[in-house]
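Me: I would like to go through this structure term by term. For each label, I will ask what value stands behind it.

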Amino acid sequence: MDGMQKARLILGFFDADPAAGAPASAVLARVEALFGDGERAYVERYRDPAVRVMRAEGRLLLAAMLRLAAYPLPVRLTRGQYGRLLCQDENVTFSLTYAARPFCLLCVGEGCPPVGADAETPGTDLSAAPSVRAFSTTESLRIREVLQASGRQAAAREVWRRWTVKEATLKALGTGLSVSPELVDTGTAAARGITQVRGRLFAWRSLELEGRFLSMAVPVEEEALLAGAEIRVLPRPLI
């Protein structure tokens, strides 16, 4: 990529639900055209047809965001130690997450840091939320305060919001849930904060978009990049 630009962080999602009117075969063919037959074969390993299409849509979203950032396509993808999808160009980092539709956090430019994103549709059933064992003592006390003050539905939302912060941070760390989410302490903050895991500090930011909780995380030294993240709604491509 000539004339490397300053790092730019973009959070994007399509304006329509996955595969709205497009046959799965057409979506998969588009993935192959953009990222090669190996990536199509990987997506096809998902047995559930709905999950398969969702993962394919995630690749299409990534391509649309790369175009938005004026990055040349096609690109070659690879996988890291824990199976995470990566770009072979060190000036591109991204994190895909899914909650009824794909969301993508993309960094393009010189010196892009590792990034992490997680989206969840918050349930109202506290018993179906992530286990209390995934939360620190401080977090558990805060969840209990919300439960006592506002009831089970509000407490369930608090659990899911904090869970997205944990997953986003562990994705930025590069390990995902191979590291216990209990080690990511989100403290008492609601919208943004800093947490430490495995001796490294990460800045995080939590949003509510399209009826979902979505959190983003980057190494703390890139906190300004996170604060300036762009949010883009992209038209879903015709296939």
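Reply: Start with burial: buried means under 20% relative accessible area, exposed over 50%, and partly exposed in between, with a 1.4 Å probe and protein chains only. By that cut-off, buried residues make up 51% of the 239 residues in the protein. This is a predicted model, in which local features need pLDDT of at least 70, side-chain atom pairs count only at pLDDT 80 or more, and totals for chains, interfaces and linings use all residues. Residues are numbered from 1 along each chain as its sequence is written, and side-chain values use heavy atoms, with hydrogens and water left out.

Me: What makes up the protein in helices and strands, and why is it called as compact as a globular protein of that length?
Reply: The protein has 6 helices and 10 strands, taken as DSSP runs (H or I, at least four residues, for helices; E, at least two, for strands) and numbered from the N terminus. Its radius of gyration is 18 Å, close to the 18 Å that the globule rule gives for 239 residues, so the protein is as compact as a globular protein of that length. The radius is taken over C-alpha atoms, and the rule is 2.2 Å times the number of residues to the power 0.38. Along the principal axes, the C-alpha trace spans about 50 × 40 × 30 Å.

Me: What share of the contacts between residues at least 6 apart in sequence joins residues at least 24 apart?
Reply: That share is 64%, where contact means heavy atoms within 4.5 Å.

Me: How do you know which strands pair with β9?
Reply: Two strands pair if DSSP finds at least two bridges between them. Strand β6 (residues 116-120) is joined to β9 by 5 bridges, and the two run antiparallel. Asp118 stands opposite Ser215, while Glu120 has Phe213 as its bridge partner. Strand β8 (residues 200-209) is joined to β9 by 8 bridges, also antiparallel, with Trp204 opposite Ala217. The hairpin of β8 and β9 has 2 residues between the strands, and Glu210 takes a positive phi near 50° there.

Me: How do you know that both faces of β6 are covered?
Reply: In a regular strand the side chains alternate between the two faces of the sheet. Gly116, Asp118 and Glu120 lie on one side of β6, Ala117 and Ala119 on the other, and all are buried.

Me: Why is Ala154 called partly exposed?
Reply: Ala154 has a relative accessible area of 23%, so it is partly exposed. Ala154 belongs to helix α5 (residues 152-173). Its C-alpha atom is separated by 7.6 Å from that of Thr124, 30 residues apart along the chain.

Me: What makes Arg232 partly exposed, and what is Arg232 in contact with?
Reply: The relative accessible area of Arg232 is 32%, so the label is partly exposed. Arg232 is found in strand β10 (residues 230-234). Leaving aside neighbours within four places in sequence, Arg232 is in contact with Arg8, Ile10, Leu11, Gly12, Phe13 and Leu68.
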